[in-house]
Amino acid sequence: MTDARFTGLTRDSWAAVADQLLLSLRGWASPDHARIDLPGPQSAYGPDSDSLEAFARSFLLAAIRLKGEDGKDPHDLAGWYAEGLRVGTGPQGWPRPDQLGQAKVEACSIALGLHLSRPWLWDRLDDRDRAQIVAWLATVVGEQYPPINWVWFQIVVETFLKSVGGPWSRDDIESGLAVHESLYRGHGWYADGPERAFDHYNGWALHVYPLLWASMDPGLSDVKLQDAWRDRLSEFLDSTVHLIGANGSPLVQGRSLTYRFAAAAPLWMGAITGATELAPGVLRRASSGILKHFLDHKVPDERGLLTLGWYGEWPAIAQSYSGPGSPYWAVKGMLGLMLPADHPVWTAAEKPLPVEDSDFTREIAESGWLVSGTRSDGIVRVVNHGTDHSVPGDERADSPLYARLGYSTHTMPPLSTPYWAQPLENSVTIVHPELGLAHRNGFTAVTPNSSIASLHWVRTADDNSPEHGSGRGGAVVAGPVVAMTSVLRGSHEVRAVRIDPDAELEPGWQIEFSGWPLTADTEPTAEQAAEIRTGALVSSVRGLTTQDIRRTDQTDALGNHTAIPFARATAVPGALYVAIVSLAGGDPEPLPDVQVEGDRVLVAWSDGVSEVLTSPG
């Protein structure tokens, strides 16, 4: 048995989970296998789209299993899915990609699955079935795709079509590749579109598809471009492995979190391609840690299903495009099962994650993140001055999964109605007596540790989805400009904010610093509340005069009750406010000594390191 000292998971463990996921779906399938109608809230696209999604995404996992076992197929995965393909691509089958946008997404999983399982499925179909599948897939040719990760859905499908003698367009592929290159921001990081959209799509889409595609038809991709993709993946993995907590959780930030362990996908791509400097034991420990994190929280559920949620079923985490089949994009986190049992990533002993090895602090300039990991509690926390899924000057409401000042591996922003429309946690905001908390969306990113925001209130439309773009528009009421800057080390962020000296403030307006949300299944006792103040606190250094804890119920997927520390003061033009914002488990290290001298904030950390924070504004 290989040494899985951290997670206890072997390749056999992974295979058992994969097979459970596949076999548990069969009870929800139609007799012809083309529809998999899962329980749960439907997406905005309706049940036909949702059933296709469940089929296509699970088919990709079936193909991964077939490839990894060299065709060994005790559960007749090839035969079961071949029958569904025959019916689904027929005249009474699935909506076509030229009829439904979501079908463009699912066509990619089908084409990639057919490529990976080709000797055991495609090659055994008769000519009529192949022609029918080609005709269904071919409706992507010439179609328009959004200039985001979606371009890969067209590139992959048309490359598979080319390989089987079907129609394809070189222009489609070249234009899609050009879009992909336009998304690259440096040091391994892509933005998923023209906005500051830095999230898990970097890993499970923008680094996965290019190198998988390059293996489909090496003649279509430029060797120099492939080398660039490999270098980018290597750089990205060095970042992403620092964004995994010792509990195995990936960073809880960005959309589509219900894809859960899909966050392991780029790690497996490093193992598959060799495009990484991380040791096989680190790749294995990171990937297995992510899967184990969800297994330990009863994912999949007692029915063997992946539900809309993070741990258990929790529909508030969904976007409008999310349906009951959506969570099965998690299967991309099982790409490692394509590798044989004797591959080094499966035979190497697990090695510690960076956060298990030592404390660290680092910057990710492209996303505007300061990152700190603490070995004592295994928490990775991010302070965010560069990501909001918007462009500078955008005056919509904040997206809670993008625009907060902090994200971690152990906390989740409040998402449930009506809380998602208010920046309740990890924010600097102005409190209006009637309009509530102001938004900072559309801020100007200055450096990875500073930003300038034109705060504003948005009278949002009656749309209760936390999805980026939905319910974020409405009448805008302007607030003051504030400059924010941070330094981060260990458990503590020193946060300094200055209100524009020329700001016109109304009587009764207050400034608020809010901290990290701590969530539990039961209402905290007085003693536990004291612990909350220790584990997540906002400690005033200058200007803030009152402190309290905000409590919400049923607002995130981690538990029933959430407590958020905050501090307030009267908002004064030109005033400088400074606080220490902390997140720690167990016994946190001592607070830093912070002194304000004129426009300088002097920070002396408990480990002897000193920093000078230039006053913002």
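## Helix α10

Let's start with helix α10, which covers residues 223-240 and so counts 18 residues. From its first C-alpha to its last it reaches 25 Å, close to the 26 Å expected at 1.5 Å a residue. Keep in mind that this is a predicted model.

Have a look at the start of α10 too: there, a side-chain oxygen of Asp222 comes to within 2.8 Å of the backbone nitrogen of Lys224. Which residues of α10 are buried? They are Leu225, Gln226, Trp229, Arg232, Leu233, Ser234, Phe236, Leu237, Ser239 and Thr240.

## A four-stranded sheet

Next up is an open sheet made of 4 strands, lined up in the order β3-β4-β5-β6 with antiparallel pairing. β3 (360-364) and β6 (406-408) sit at the edges with a single partner strand each, so one side of each has no neighbour in the sheet. On average, neighbouring strands here are turned by 20° against each other, direction ignored.

Arg381 has Ser408 in β6 as its bridge partner.

## Glu506 in its loop

Last stop: Glu506, which you'll find in the loop between β12 (492-499) and β13 (510-514). Is Glu506 buried, partly exposed or exposed? With a relative accessible area of 48%, Glu506 is partly exposed, because the exposed label needs over 50%.

How far is Glu506 from Ser399? In sequence they are 107 residues apart, and in space 26 Å, C-alpha to C-alpha.

Note on methods
Residues are numbered from 1 along each chain as its sequence is written. This is a predicted model: local features need pLDDT of at least 70, side-chain atom pairs count only at pLDDT 80 or more; totals for chains, interfaces and linings use all residues. Side-chain values use heavy atoms; hydrogens and water are left out. Helices (H or I, at least four residues) and strands (E, at least two) are DSSP runs, numbered from the N terminus. Buried means under 20% relative accessible area, exposed over 50%, partly exposed in between (1.4 Å probe, protein chains only). A polar contact is a pair of N or O atoms within 3.5 Å; within protein, one must be able to donate a hydrogen and the other to accept it, and residues adjacent in sequence count only if both atoms are side-chain atoms. Two strands pair if DSSP finds at least two bridges between them. Axes are lines fitted to C-alpha atoms, for helices over the stretch in contact, and angles run from 0 to 180 degrees between N-to-C directions.
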